[in-house]
Amino acid sequence: MSSNEERIKLEAGWKEALRSEFEQPYMEKLREFLRHEKAAGKEIYPPGPLIFNALNLTPLDQVKVVILGQDPYHGPNQAHGLCFSVQAGIPAPPSLQNIYKELKRDLNLDIPSHGNLQYWAEQGVLLLNTTLTVERAIAASHAKQGWQHFTDRIIQVASERRPNLVFLLWGAHAQGKQPLIDATKHLVLTSPHPSPLSAHRGFIGNGHFGRTNKFLTQHGETPIDWRLPEPA
């Protein structure tokens, strides 16, 4: 194990499964890129301790559902390492508002007053962006720096090691990851992205939340409580 890996706070199951990835040349290039950007005074989101938040909040042996996002939010205090989720006190962005609208339509759940999805992550919903960092105010600024190799491996590991998962692939980018998933053992649900640009073309009405829970129940798993508690 390298000294770099030893400094990484990563849930034990994921750390073991991804150990070899931290030794790959692309990961050293990615680390060097991030060091260079920070040294140049650029603001990088999410904060360093939260880059692997999705993995730390959803241990490998507890994953039930995988939701794939693309890029962290690039506004101040938004991103905290969970796709579609924002930190406490930040209004829900438009895509998340549409996710809430579909939850209301599908399961008749009250729309929360906040945008923090950590409660889902703690129940086994892996909220994974395919790129894990971004520069402030520049969308997709780190999309070609190597993160995709790492997150592709996360998707493969989940598919290989876990039984009866539900993969929610919203939009073309997420659907491009289908070859990494064993569809003979997992449920793969696809629809347009919840973005305001596409939600009306089939995201609203997809029924994915109810279908997810039906599948989990059929396979002896506790369904996800999609309700989000209000902050204390």
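Helices (H or I, at least four residues) and strands (E, at least two) are DSSP runs, numbered from the N terminus. You're looking at a predicted model, where local features need pLDDT of at least 70, side-chain atom pairs count only at pLDDT 80 or more, and totals for chains, interfaces and linings use all residues. Residues are numbered from 1 along each chain as its sequence is written, and side-chain values use heavy atoms, with hydrogens and water left out.

Stop 1: To pair, two strands need at least two bridges found by DSSP. Now zoom in on strand 2 (residues 65–69) and strand 5, which pair over 3 bridges. Here V66 stands opposite F167 of strand 5. Touching, or contact, means heavy atoms within 4.5 Å.

Stop 2: Pick N164, in the loop between helix 7 and strand 5 (166–170). N164 isn't a glycine, yet its phi is positive, near 50°. Most residues other than glycine have a negative phi, and most peptide bonds are trans. Is N164 buried, exposed or partly exposed? It counts as partly exposed, at 24% relative accessibility; buried means under 20% relative accessible area, exposed over 50%, and partly exposed in between (1.4 Å probe, protein chains only).

Stop 3: Jump to A137, in the loop between strand 4 (134–135) and helix 7 (147–161). This residue also has a positive phi, about 70°, and it is exposed at 58%. Then find the peptide bond from Y45 to P46: it is cis, with omega near -10°. P46 lies in the loop between strand 1 (44–45) and helix 4 (53–57).

**Stop 4: helix against helix.** Show helix 5 (residues 94–107) and helix 9 (residues 208–218), whose axes come within 8 Å and cross at roughly 60°. Axes are lines fitted to C-alpha atoms, for helices over the stretch in contact, and angles run from 0 to 180 degrees between N-to-C directions. Display the side chains of I99, E102, L103, D106 and L107 in helix 5, which meet H208, F209 and G210 in helix 9.

**Last stop: W120.** Select W120 and look around for its contacts, among them I99, L103, F209 and W226.

Key: Lists of a residue's contacts leave out its neighbours within four places in sequence.
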